[in-house]
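Colleague: I am new to this structure. Please pick one part, look at it closely, and then lead me on from there.

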Amino acid sequence: MYKWEENLRKVDPYVPGAQPKQKDVIKLNTNENPYPPSPKVIAAIREGDLENDMRKYPDPNSSDLVRSLKEYYGIEDMDVFVGTGSDDVLSIAFLTCFNSDKPIIFPDVTYSFYPVWARVYGIPYKEIPVDEGMRIRVEDYNVGAEMKEPNGGVVIANPNAPTGINLSRKEIREIVEANSDVVVIVDEAYVDYSGESALSLLVDHENLLIVRTFSKSRAMAGARIGFAIGSPRLIKAMNDVAQSVNSYTKPTTSLRAAVASVEDEEYFRARIDDVLKTRARTVLELKKRGFNVLPSSTNFVFAAPTRIDAKLLFEELGDRKIYVRYFTGERTSKYLRITIGTDREMDALFAAIDEIM
Ligand SMILES: *Cc1c(COP(=O)(O)O)cnc(C)c1O
């Protein structure tokens, strides 16, 4: 090791799902939407003044999108922070909200980026085990108890990933109220598939921050737009931190595309229904093949094969150019996380599973 290397910040990075370059693969590994975004999104990009969009810096305040989201959700008293995907929003939220000596707490089985941000920012953290059925136990987050878990903040993905399991709004409210002296981040990346958002809790709970993304239900993972909704004082603190790191992070074309997506409610709802129908069928087909499938409130299922080793099945599917996600780790290694694709893609998956088993 060179002397200069001793000063480098060393971290174990988050490992994103593979993005294969070939076209003829079935990609069920990163929870992307199998359908394209609304045709109005594509039209809005094409109709833009692309030469100017490229030449000029974008709006640092994303004001058109902020206005459009406030109106869409009917949250005039709240404020909206827009980031470069919700990974950026969450990263800025960790940096802004978690500045305590006490550990932040989140489940041991959840979005594996949370411990990575905690480590890179030097935030102490503690992982709280989910139960045998992979459910978050709200009692473990100080609900109905004395301060069992003193903490510097709470992060809950709801529905949780990669389990797909949902907490009710009432349970989220209990967690937010039991931890009213810290910020509670609720990552609602998949909430459009569950219908149970914590949005209505915002008016009475200024310590709640709700994080959303255009990447999944709005089929815009490539545009990199995410946002957070919270009280004006919380969002101001996040904007101050974000503006201290990088000012012009959201490209004009992505912002314009996002506004157009919000304006096409009918298309949005129809594609969610498509995914939910295919999900119902997928659960049945996997159960028929002996999988233990956790109850999903998302656009993916977390399913444990019982007639074959999960890692072997993952590899065999990969050989057949069907990509699903496999997580090593004691609690998750018996499962595969399978994104809901089109009906045709899922039929190809079932056929491949039959061939392998
Ligand atoms: C996909 C995902 C995100 C991040 O998505 P972006 O593309 O960065 O908006 C955040 N949280 C969870 C739980 C996710 O699954």
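Modeller: Start with A178, which sits in helix α6 (residues 169–178). Helices here are DSSP runs of H or I with at least four residues, strands are runs of E with at least two, and both are numbered from the N terminus. The model is predicted, so local features need pLDDT of at least 70 and side-chain atom pairs need 80 or more, while totals for chains, interfaces and linings use all residues. Residues are numbered from 1 along each chain as its sequence is written, and side-chain values use heavy atoms, with hydrogens and water left out.

Which residues does A178 touch? Leaving aside residues up to four places away in sequence, A178 touches Y141, N142, V143 and M147. Contact means heavy atoms within 4.5 Å. A93 is 85 residues from A178 along the chain, and their C-alpha atoms are separated by 20 Å.

The peptide bond from N158 to P159 is cis, with omega near -5°. The bond from A161 to P162 is cis too, with omega near 5°. Further back, M134 lies in the loop between β4 (125–128) and β5. M134 is not a glycine, yet its phi is positive, about 70°. Most residues other than glycine have a negative phi, and most peptide bonds are trans.

Next, the helix pairs. Two packed helices are described by the angle between their axes and the distance between the axes. Axes are lines fitted to C-alpha atoms, for helices over the stretch in contact, and angles run from 0 to 180 degrees between N-to-C directions.

Take α4 (residues 85–97) and α5 (residues 113–120). They pack at about 45°, with axes 10 Å apart. They are therefore oblique to each other. Angles under 35 degrees count as roughly parallel, over 145 as roughly antiparallel, 65 to 115 as roughly perpendicular, and the rest as oblique. The crossing of α4 and α5 is right-handed. A crossing is right-handed if the near helix is turned clockwise from the far one by less than a right angle, and left-handed if anticlockwise. From α4 come D87, L90, S91 and F94; from α5 come F113, Y114, W117 and A118. These contact residues divide into six nonpolar, one polar and one charged. Nonpolar covers Ala, Val, Leu, Ile, Met, Phe, Trp, Tyr, Cys and Pro; charged covers Asp, Glu, Lys and Arg; the others, Gly among them, are polar.

D87 and L90 are also among the residues surrounding the ligand. Others there include Y111, Y190, K216 and R224. A residue is near a molecule if one of its heavy atoms lies within 4 Å of it. A polar backbone atom of S86 is 2.6 Å from an oxygen atom of the ligand. A polar side-chain atom of D187 is 2.7 Å from a ligand nitrogen atom.

Turn to α3 (residues 63–73) and α8 (residues 252–263). Their angle is about 20°, and their axes are 9 Å apart. That makes α3 roughly parallel to α8. Their crossing is left-handed. D64, L65, S68, L69 and Y72 of α3 meet L255, A258, V259 and V262 of α8. Seven of these contact residues are nonpolar, one is polar and one is charged.

Note on methods. Polar contact = N/O pair within 3.5 Å; in protein donor to acceptor, adjacent residues only side chain to side chain.
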